[in-house]
Amino acid sequence: MTLPIDPSIASSASEWAIPSLDGATSEGAGAGAAQGAGSGFGSMLSDQLGKLEATQNEAADAAQALATGQATDPEAVVMAVERARLSMQLASTLRNKAVEAINDVFHTQV
Amino acid sequence: MGLFDAFDASGSGLLAERLRMDVTAENLANAQSTRSANGAGPYKRKEVVLESAGSSFADSLSAARGVRVAGIVEDPTPPRRVYDPGHPDADAQGYVTMPNVNTVTEMTDLIGASRAYEANVTAMQTAKSMFARTLDILK
C-alpha cells in the first residue's frame, strides 16, 4: 500500500530545495570583485555598484568642466548630473528595500 | 530600451534647439552684413536641417531615438536690393545688395526654438518624475 502523498516529496522536490547562495555570500563590492566574475547575486551587485560609481564620476567630471569653463554644452552636464542622481536614487531605494527585508527576517517571532 | 532612453532623446533635442538658436542669432547679427569673409557678396541666411537619429533597422526597433543635425544650409532666396548710393558697397546704379535675412522671420524662429527647447525640458522632467514615481513603489 502506498500513501496518497509520498512524504519524501517534501525533501526531494526541486521547488523545496534551497538555492545555492555562493555569489550572495560575498558581502560588499570589494569582496565581490576579489572573488572574480562569478555569475551570482554578489557579482551582479558589484557590477552595478561599479556602474553607479562610473556615473557618479562622470557627473563630477562634467560639473568640474562646467566650473572651469571647459564645458561647451551645459545640457550634457545637466544630463550627466541628473543620470547620476537617478541612478543613486535607484541604488539607495533598492538598498533600503534589501535592508528592510533582512530586518523582517531578523524580527521573525520564533 | 534603456533606463535613460527618453533622457538621451530629450538631451539631443536640447542640443539641436540650442544650435537652431545659435544659427538664428548669427542670422540676426549679420542682418546688415554686405560683405562675407571670403569676399563672396553679402551674408547668406543660414538654416539648420534636423533629422531623426539612428538609421539602422535595429535602431528603429529600440524605443526612443534622438534628433541629430543633418547640416547647416544656406537659404537660396535672392538678396534684397536697397537704394543707398552713399554706401561703399553700392553698385553703379546706387543699389546695395543686402543679406536675405528678414528680422521678423528670425524673431519668430527664435521664439520657435525657445518653445521647442522648453518642450524638450518638460519631456525630460516628465521622464524624470516617472522614474521617481516608479521608485516610490518600492518605498
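Residues are numbered from 1 along each chain as its sequence is written, and chains are lettered from A, with ligands numbered from 1, in the order in which they are written. Because the model is predicted, local features need pLDDT of at least 70 and side-chain atom pairs count only at pLDDT 80 or more, while totals for chains, interfaces and linings use all residues.

**Confidence**

The pLDDT is the predictor's confidence in each residue, from 0 to 100. For the complex, the predictor gives an ipTM of 0.70 and a pTM of 0.71. The two chains are set side by side below.

| Chain | Mean pLDDT | Residues scoring at least 70 |
|---|---|---|
| Chain A | pLDDT 75 | 65% |
| Chain B | pLDDT 88 | 91% |

Helices (H or I, at least four residues) and strands (E, at least two) are DSSP runs, numbered from the N terminus. Among the elements of chain A, the mean pLDDT is lowest in helix 2 (residues 29-34), at 42, and highest in helix 4, at 90. In chain B, helix 2 has the lowest mean, 64, and helix 3 the highest, 93. Over residues 23-36 of chain A, pLDDT stays under 50. Where pLDDT is low, the predicted coordinates should not be read in detail.

Chain A contains four helices and zero strands, in the pattern α-α-α-α along the sequence. A residue is buried if 20 or more other C-beta atoms lie within 10 Å of its own, exposed if 12 or fewer, and partly exposed in between, with C-beta atoms placed from the backbone. By this criterion, 12% of the 110 residues of chain A count as buried.

**Where the chains meet**

Two residues are in contact if their C-beta atoms, placed from the backbone, lie within 7 Å. The contact between the chains takes ten residues from chain A and eleven from chain B. On the side of chain A, these are three nonpolar, two polar and five charged residues. Here Ala, Val, Leu, Ile, Met, Phe, Trp, Tyr, Cys and Pro count as nonpolar, Asp, Glu, Lys and Arg as charged, and the others, Gly among them, as polar.

A nonpolar core is a set of buried Ala, Val, Leu, Ile, Met, Phe, Trp, Tyr and Cys residues joined through C-beta atoms within 7 Å. The largest one has ten residues, including Met79(A), Phe7(B) and Met124(B). Helix 3 (41-67) and helix 4 (74-106) of chain A, with helix 1 (5-29) and helix 3 (103-137) of chain B, each supply at least two residues of this core.

**Two loop residues of chain B**

Val101(B) lies in the loop between strand 4 (95-98) and helix 3 of chain B. Val101(B) is buried because 25 other C-beta atoms lie within 10 Å. Leaving aside neighbours within four places in sequence, its contacts include Asn27(B), Arg45(B) and Glu106(B).

Gly66(B) lies in the loop between helix 2 (57-61) and strand 2 (67-74) of chain B. With 19 other C-beta atoms within 10 Å, Gly66(B) is partly exposed. The C-alpha atoms of Gly66(B) and Ser52(B), 14 residues apart along the chain, are separated by 6.3 Å.
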